[in-house]
Amino acid sequence: MEKIAPVRGTRDFYPEQMAVRNWIMDGWRAVSRRNGFEEYDAPIFEYLQLYTQKSGEEIVSQLFAMQDRGGRDLAIRPEITPSLARMINQQIHSLPRPVKWFSVPRLCRAERPQKGRLREFFQWNIDIIGDDSPLADAESIFTAIDYLRSVGLTSRDVVAKISSRSMLAAWLQELGATPQELDTIYALLDKRAKLPEETFQALAVEKIPEAGLRNKILELFQIDSFEKLKASAPPAAQEEVARLETLFHLLEVMGVRDYCTFDIHIVRGLAYYTGVVFEVFDRGAELRALCGGGRYDNLLKVLGGPKVSATGFGMGDVVLEILLREKNLLQTAAVPLDFYVIDAAAELGEQTVQTACQLRGRGFSAAFSYKRLPLGKQLKQASSQKARFAVILGQETIDSRQVTIKDMASGLQKTIALPEFLAGPDKVFAAGT
RNA sequence: GUGGGAGUAGCUCAGCUGGAUAGAGCACCAGGUUGUGGUCCUGGGGGCCGCGGGUUCGAAUCCCGUCUCUCACCCCA
């Protein structure tokens, strides 16, 4: 028979990788909860229309679509925000606002895999729905940074680049751009940091043929600090600039201002974002964005609900893991074995199994050998299974119901009565005993 | 979808310009060691050399195709 390979762009999670994944996700969940978010989930597939209605028909080539036996067009979820919007819309009138929810969905996208991008991955999402104040945006950004900080990434390692689409829109229209031109200009802006200056200029000429408007826009693109932005903003954009200023002030109050910077280049692709947008990068700018998000005040309406404002972000596991590995900050959620129970005499085999199971019944993890082996071999197994203690049943068990407990790290051992051990398995090596 | 690089043991790789039963380290299994593990020593299992075709007396090695991985472009919700 032929060996079947894993599907392109997918990963197998052997226990070692699974421990890493669990550690990352445990961190996401813990930080979500301490910031006041509740967990939700949605189906792993949805009607294809949920995505086309939000993103247009082009999206179909970038996701895994299928038909069920009834001919319904379905798709494996490439993101969870549309599902969230669907769920919120269904209960919009009974949910207390703001809704603060998070999820850690498994997502699939039919893209060509490359560094930091796979076809199947996990993405931490948090969203705040039903509040349009800068406080909600600030708390969203804070939550992302709160996690990154919790795993040891400092403001020298990562940076949250923040801008505002509504601010840009107001400013660009003041300069003479039409609302229809905005998306083109956003795409151009998005390219600026990625292209050589010459190529960029050529692209600018192509996208904005009219020289007067183009020059004014290119001048706007030159703004590289919030101070300059504030100083040169036209009256029509002042209100949005003030919102950004409030946001930066709140991030200062929250204690994460050093992680944040204004960057006019952040526009977030062809997304549904309407206001504040942000992306978190490694300071070395070697990797793709770690995290991206912003305000999307129209999505619920686009998906058949009322106009309700929302803000949030997504953080994928792939780039995050690469960066944490590079910075030597990766840990694992591996669970150590508490006890490895050993029989030093053949006739104690059943009692060994019984003792292990009694330990399990008291909430400890315990293992034993399936094969009758010499004591040395069993200790070797205890060692390779990373047991903290070995519990040896031997002649002393037969003679006087005593067992020997060996601390595998120090090699120290004590012999005590079996009932006493079972009464407090974790107390044998506690201080003072 | 477009282009570059790479495919030899579970992993990391060696195998020079074609030459005999394809190797090393790590990992795994067993023994040395029937009441004391990690170290050490010895042995063992494991390979259609990605796949298909071609050149040749002879191909892991050269040529063509194909698949997969990877990096970049497009895109990036």
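**Loop residues and overall build of chain A**

Arg 401 sits in the loop between helix 15 (395-400) and strand 16 (402-407); helices (H or I, at least four residues) and strands (E, at least two) are DSSP runs, numbered from the N terminus. The model is a predicted one, so local features need pLDDT of at least 70, side-chain atom pairs count only at pLDDT 80 or more, and totals for chains, interfaces and linings use all residues. Residues are numbered from 1 along each chain as its sequence is written, chains are lettered from A and ligands numbered from 1 in the order in which they are written, and side-chain values use heavy atoms, with hydrogens and water left out.

Although not a glycine, Arg 401 has a positive phi of about 55°. Its relative accessible area is 46%, so Arg 401 is partly exposed (buried means under 20% relative accessible area, exposed over 50%, and partly exposed in between, with a 1.4 Å probe and protein chains only). Asn 328, not a glycine either, has a positive phi of about 60°. This residue belongs to the loop between helix 12 (317-326) and strand 13 (337-343), and Asn 328 counts as exposed because its relative accessibility is 70%.

Pro 98 lies between helix 3 (81-91) and strand 5 (99-103).

Arg 288 is found in the loop between strand 10 (276-282) and strand 11 (291-295). With 33% relative accessibility, Arg 288 counts as partly exposed. Leaving aside residues up to four places away in sequence, Arg 288 touches Gln 114, Lys 115, Gly 116, Arg 117, Phe 281, Asp 282 and Val 319 (contact means heavy atoms within 4.5 Å). Gly 212 is 76 residues from Arg 288 along the chain, and their C-alpha atoms are separated by 34 Å.

Now for the whole chain. Chain A comes to 16 helices and 17 strands. The radius of gyration of chain A is 29 Å, well over the 22 Å that the globule rule gives for 433 residues, so chain A is more spread out than a compact globule (the radius is taken over C-alpha atoms, and the rule is 2.2 Å times the number of residues to the power 0.38). Along its principal axes, the C-alpha trace spans about 100 × 55 × 50 Å. Of the 433 residues in chain A, 49% are buried. Among contacts with a separation of 6 or more, 67% involve residues 24 or more positions apart.
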